[in-house]
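Try each task before reading its solution.

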Amino acid sequence: MGDPRTSGSWRGESERGGAPLRVLQQTDTVLIIDKPAGLPVHAGPRGGRSLEDFLPALAFGKRRLPQPAHRLDTDTSGCLVLGRTKPALAELGALFAAGRARKTYWAVVAGGPAAQSGRIDLPLRKVSSAAAGWRMEPHPEGQPALTRWRVKGRGEGLAWLELRPETGRTHQLRVHCASQGWPILGDPLYGKACPAGLHLLARAIVLPLASPIEATAPVPEALRPAFRACGWKEE
């Protein structure tokens, strides 16, 4: 799909906090952007800004607007892949569907595991009610969901985890961590909200295409105090 090149350019700001939509990698057919937390990928029924508002600015001269090749929660920041052509979007979609895109997340969790590494193999299903809305829950009849994790650092009452999802279920990392007794810091659905927001970052991605593409997203400013408390050093 062409040789990747890094670009620090961006065209527009998100509604929350004026965070830039930085382009991490760009080729003729693929974009990887650093999506800020608080910006939905798709427009919702209640309106408000979404990534769709910025797609014309991310076209960079192409007639066809780039389109997301996978999902990223509104509250999650970091690497998001977009296809710039119809064939590229189809190839990327197949890559994600087959689980071949290598995704790495960083999270700060409350408490933390006793071990240094492990895996969570826990099926998930969607549930909803008029009173509480929808959420995901572990259930033996749910869809298979597998997450591998390892501890990168620890702080007082906190742990910094590297998470590698081998499936792409909605809210998978959030539910999996909460199910083990160490919810992700700032998770209003499966843990406890905090002013800095959800401490989950789509840190890196590797796309094993004919010409492989990879990108790494920086730790957002709002999340840095908690990561520092667990031993993270400024980049």
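## Exercise 1: The cysteines

C230 counts as buried because its relative accessibility is 2% (buried means under 20% relative accessible area, exposed over 50%, partly exposed in between, with a 1.4 Å probe and protein chains only). This is a predicted model, in which local features need pLDDT of at least 70 and side-chain atom pairs count only at pLDDT 80 or more, while totals for chains, interfaces and linings use all residues. Residues are numbered from 1 along each chain as its sequence is written, and side-chain values use heavy atoms, with hydrogens and water left out.

Task: find out how many disulfides the structure has.

Solution. Start with the whole structure: a search finds zero disulfides (pairs of cysteine sulfur atoms within 2.5 Å). Next, take C177, which is in no disulfide; the nearest cysteine sulfur belongs to C230 and is 13 Å away. C177 counts as buried because its relative accessibility is 1%. Finally, C230 is in no disulfide either, and its nearest cysteine sulfur, that of C194, is 13 Å away.

## Exercise 2: Confidence

Task: work out where pLDDT stays under 50.

Solution. First, pLDDT is the predictor's confidence in each residue, from 0 to 100. The chain averages 90, and 91% of the residues score at least 70. Then look at residues 1-19, where pLDDT stays under 50; the model has 53 contacts for them beyond four places in sequence (contact means heavy atoms within 4.5 Å). Where pLDDT is low, the predicted coordinates should not be read in detail.

## Exercise 3: Aromatic rings

Task: describe how W106 and F227 pair.

Solution. Begin with the rule: rings of Phe, Tyr and Trp (its six-membered ring) pair if their centres lie within 6.5 Å; planes under 30 degrees apart count as stacked, over 60 as edge-to-face and the rest as tilted. The structure holds five such pairs. In one of them, W106 and F227 are tilted, at 6.0 Å centre to centre with 40 degrees between the planes. This pair links distant parts of the chain, with W106 in strand β5 (residues 102-110) and F227 in helix α3 (residues 224-229), 121 residues apart. Helices (H or I, at least four residues) and strands (E, at least two) are DSSP runs, numbered from the N terminus.

Step on to W232: F227 and W232 pair edge-to-face, 6.5 Å centre to centre and 70 degrees between the planes. Both F227 and W232 are buried, and W106 is buried too. Together, W106, W160, F227 and W232 form one aromatic cluster.

Last, look for a charge: the charged end of R203 sits over the ring of W106, 4.0 Å from its centre (NZ of Lys or CZ of Arg within 6 Å of the ring centre and within 35 degrees of the ring normal).
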